[in-house]
Amino acid sequence: MMQTVDGPVENAALPGIVGVDHIGLAVPDLTAAVHLHTAVLGGRLEHREENVEQGVVEVMIAFDGGTRVQLLAPTSPDSPVGRFLASRGPGMHHLAYRVSDIGSAAGALRARGMRLLSDTDRLGTAGSRILFVHPRDAGGVLVELVQPARTDQVGTGAAG
């Protein structure tokens, strides 16, 4: 049982949450951002793909210890990441949590009154399934739920 300012909360853990999957950063210059996170900060390029539907090129950078950073660069100024950069500038775009079952996690969040940005999950990076929680319900942070692809499905995804 967890204690909050309002009293005890039963079973506060989100079903199926495994931990942080990655932090997404919106960047205006993907080449410069990749250089910073690899040559300067020591990460390694794990994955790169373009999602034409979302108008974004994304690069996943992995660090020793399992931390991953997703660099998101718009392919056009009217894409979601392009609009984000125009209004907020470069920086943190989202925080992604890995879940074992995205359907169960989404159902639990809805039951707790959280708004999701879509009714169903969609294809994400490297074949993962993704879903976003409305930032107004998550302390001003865009939260992404990520269910990684099964290994036999990797390579079919879009940016997430």
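Predicted model: local features only at pLDDT ≥ 70, side-chain atom pairs only at ≥ 80, totals over all residues.
Student: Let's begin inside. Which residues make up the largest nonpolar core?

Tutor: As a general idea, nonpolar side chains in soluble globular proteins tend to be buried together. Here the largest nonpolar core has twelve residues, among them Leu 14, Val 99, Ile 102, Leu 116 and Val 143. Helix H3 (102-111), strand E9 (129-133) and strand E10 (143-147) are the elements that give two or more residues to this core. H3 gives the most, with five residues. Another core, of eleven residues, lies apart from it and includes Val 27, Val 57, Val 59 and Ile 61.

Student: What does Leu 116 touch, leaving out residues up to four places away in sequence?

Tutor: Leu 116 touches Ala 106, Leu 109, Arg 110, Leu 131, Phe 132, Val 133 and His 134.

Student: Now the strands. How many bridges join E3 to E7?

Tutor: Eight bridges join strand E3 (residues 17-26) to strand E7 (residues 91-99), and the two run antiparallel. For example, Gly 19 has Arg 98 as its bridge partner in E7. E3 is also joined to strand E6 (residues 68-74), by four bridges, and this pair runs parallel. There, Gly 24 stands opposite Gln 70.

Student: And the outside? Which residues make the nonpolar surface patch of about 250 Å²?

Tutor: Val 20, Ile 23 and Met 92 make that patch. Val 20 has its place in strand E3.

Student: Why does Val 20 count as exposed?

Tutor: The cut-off for exposed is over 50% relative accessible area. Val 20 counts as exposed because its relative accessibility is 52%.

Key
Residues numbered from 1 in each chain as written. Heavy atoms only, no water. Core = buried A, V, L, I, M, F, W, Y, C linked by side-chain atoms within 4.5 Å. Buried < 20%, exposed > 50% of the residue type's maximum accessible area, 1.4 Å probe, protein only. Contact = heavy atoms within 4.5 Å. Pairing = 2+ DSSP bridges. Patch = residues over 30% accessible without salt bridge, like charges linked within 9 Å, V, L, I, M, F, W, Y side chains within 5 Å. Areas by Shrake-Rupley, 256 points an atom, 1.4 Å probe, with all protein chains shown as cover. Salt bridge = Lys/Arg side-chain N within 4 Å of Asp/Glu carboxyl O.
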